[in-house]
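Hi everyone, thanks for coming.

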There are 2 protein chains.
Amino acid sequence: MSEDRPLASFDEVRAVLAEFPGPDQAAATAAAAREGQLTKPAGALGRLEELAAWLATWQGRHPPRIERAQTAVFAGNHGVAAQGVSAYPAEVTQQMVANFLAGGAAVNQLCKVADSGLRVYELGLEQPTEDFSQAPAMDEAGCAGAIAYGMMAVEGGLDVIALGEMGIANTTSAAALCQALYGGSAADWVGRGTGVDDAGLDRKTQVIEAAVAKHRAAMTDPLEVLRHLGGFELAAILGAVLAARMARTPVLLDGYACTAAAAVLHALDPHALDHCLIAHVSVEPGHRRLLERLDKKPLLDFGLRLGEASGAVLAIPLLKAACACHGDMATFAEASVSGPA
Amino acid sequence: MSEDRPLASFDEVRAVLAEFPGPDQAAATAAAAREGQLTKPAGALGRLEELAAWLATWQGRHPPRIERAQTAVFAGNHGVAAQGVSAYPAEVTQQMVANFLAGGAAVNQLCKVADSGLRVYELGLEQPTEDFSQAPAMDEAGCAGAIAYGMMAVEGGLDVIALGEMGIANTTSAAALCQALYGGSAADWVGRGTGVDDAGLDRKTQVIEAAVAKHRAAMTDPLEVLRHLGGFELAAILGAVLAARMARTPVLLDGYACTAAAAVLHALDPHALDHCLIAHVSVEPGHRRLLERLDKKPLLDFGLRLGEASGAVLAIPLLKAACACHGDMATFAEASVSGPA
């Protein structure tokens, strides 16, 4: 990270990963000490207490705070959409980006409720990835460039960043990534995405199974898996996760496609996602299976399957609540409340 | 509800229940029609879509909105605390009320995050209920009076009301209510509350088992169950649930004690809680079992066991998110987004 030019190769991505900061133990210790003094039975705020400690640990400060939240939605197009794997035509990616910019999408409304900024990043929508049923989705320079682009989305001074994606056919890419990373059959990882019918689901499953088999020998490491089966917006999400770690910005990951992109990093280093929360578990069946592999417990189980960071943004107020309780509650001493008898 | 004086008898409570308004089908139909036009795959917002439709149905208007949220915390003392069923001494109820009024408790911080008003209602803390291991907790006039007091907490013009309680020993009361309403043994319904040790848990279980047996013959209907085993703050919660239905104000119920109070109404009329959501499932084991009996799915599973409406308030932003998406997203036509191919 000593250079100003964007990453241009996977070796440079690995070099960033090697520099990853670990947890801030001093902040974690300070959080635990304060938590025990607050006017409630020990542990009574459950996951809110865990979240406050986790935020302190990964923001590297105590008390933690969520004042400046940012949401980043990465949009990309997928050559594999030509195989009829989605219920929607590929031009919907561009149309939805216009909808984001006009303020009409779900993520816009959710950002207002959560008081989050919103940035939308287009990854050359007129130039989709290659159709991965025919050829590797990206070359190394294109994939590394998309990672670098995602890294730039992490501004300084953010207290949390919510990540999400828009890309017709990207649950096909997500399922392929998961099959390649974790094994099993395509049927284990596939789902209906935006809502394909039974015939579409069969087609999608076959496309994934065949593509993973076709590229198997060439996918010698997780970044090669991403290059062969991923997409530009998914590579950008991976980049944003990388940059957020370097910036000590905790991350909220959205649904299946977003988590699958992050899982590539986890496959490189099992601690690479320690600064990330899974905001929700999607109804896309592969997502729950993926969360088991990542050993991550989602914050919400709301039956979402929209993407566009919607579930990640929905969870921001939960983090604010954790910080508010941890930072602003009275202690037993301050409030003159008796402890256990 | 045609009289201005408070309720003074259970017959009057039953009379209110008999007047309960049903769902607003016109609002529900309008919500379903709009939902299908919004720029997302059908059903992709999962539970947020259900919540928007539910809010429209029980607010009796379309679109639904959450602009004016109120939180009501009812505090009462329990004679059964003398049996050593809580980890905390009874004076903590009063001390925590002072903490609420001073702004130092969890619920104060959560109300700020959720932009909710907060009112705390004390039910004669210097006069606890009778110790229900010895005598009925309340007489009918006292119980009906507490119900009436709770009804007054529901002001006009609220878009949602979050209900909660504070009362040392009230998880003992909650478990006793559940055993009396649903059967089983005390062990099926008891938990550690604020954190009793093993000996305290045994004592609590025995107190409940004996009290339910002692009063069994006299508990001829659910309101008599409440009178024998409940508490003033729990009766007040039941009253607030009643008044909210009449006012078309949807309700967020907090944890075990709060839900047990509402369950008394459900036992009188299985549709009596149709305007109520369960905000979260508590770690108190009886709560999950109770939600199965009520056939209610909680919004959050956050390992909370604090009470004081904390979980209910935590869920308010989720309702705001549902309203914002439903009310403010663009339609496919407005945004010129293509439908399924």
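Let's start in chain B, with strand E4, residues 251-253, which is joined to E5(B) by three bridges, the two strands running parallel. If you want one pair to find on your screen, take Leu253(B): its bridge partner in E5(B) is Ile278(B). Before I go on, please keep in mind that this is a predicted model.

Now zoom out to the whole sheet. Five strands of chain B form an open sheet in the order E2-E1-E3-E4-E5, and the pairing is parallel. Which strands stand at the edges? They are E2, 116-122, and E5, 276-278, of chain B; each has a single partner strand, so one side of each has no neighbour in the sheet. From one strand to the next, the twist averages 25 degrees.

Next, a pair of helices in chain B. Two packed helices are described by the angle between their axes and by the distance between those axes. Here the helices are H12, residues 256-268, and H13, residues 285-294, of chain B; their axes come within 10 Å and cross at roughly 25 degrees. H12(B) and H13(B) are therefore roughly parallel to each other, and their crossing is left-handed. On the H12(B) side, the contact is made by Tyr256(B), Thr259(B), Ala260(B), Ala263(B) and His266(B). From H13(B) come Gly286(B), His287(B), Leu290(B), Leu291(B), Arg293(B) and Leu294(B). Sorted by class, this contact of H12(B) with H13(B) has six nonpolar residues, four polar and one charged.

Over to chain A. How many strands does the open sheet have there? Five, in the order E2-E1-E3-E4-E5 of chain A, with parallel pairing. At its edges stand E2, 116-122, and E5, 276-278, of chain A, each with a single partner strand, so one side of each is left without a neighbour in the sheet. Neighbouring strands of this sheet are turned by 25 degrees against each other on average, ignoring direction. Inside the sheet, strand E3 of chain A, residues 160-166, pairs with strand E4 of chain A, residues 251-253, in the parallel sense over three bridges.

Helix H6, residues 140-151, and helix H10, residues 222-229, of chain A pack at about 100 degrees, with their axes 10 Å apart. H6(A) and H10(A) are therefore roughly perpendicular to each other. In this contact, Glu140(A), Cys143(A) and Ile147(A) of H6(A) meet Leu223(A), Glu224(A), Leu226(A) and Arg227(A) of H10(A). By class, that contact of H6(A) with H10(A) has four nonpolar, no polar and three charged residues.

Finally, how do the chains relate? A rotation of 180 degrees, with 0.0 Å of shift along its axis, superposes chain A on chain B with an RMSD of 0.0 Å. That is the relation of a two-fold axis. Of the interface residues of chain A, 100% are also interface residues in chain B, so the copies meet through the same surface.

Key: Residues numbered from 1 in each chain as written. Chains lettered and ligands numbered in written order. Predicted model: local features only at pLDDT ≥ 70, side-chain atom pairs only at ≥ 80, totals over all residues. Heavy atoms only, no water. Pairing = 2+ DSSP bridges. Helix = DSSP H or I, 4+ residues; strand = E, 2+ residues; numbered from the N terminus. Axes fitted to C-alpha atoms, helices over the stretch in contact; angles between N-to-C directions. Parallel < 35°, antiparallel > 145°, perpendicular 65-115°, else oblique. Left-handed = near helix turned anticlockwise from the far one by under 90°. Contact = heavy atoms within 4.5 Å. Nonpolar A, V, L, I, M, F, W, Y, C, P; charged D, E, K, R; others polar. Least-squares fit on C-alpha atoms with pLDDT ≥ 70 in both.
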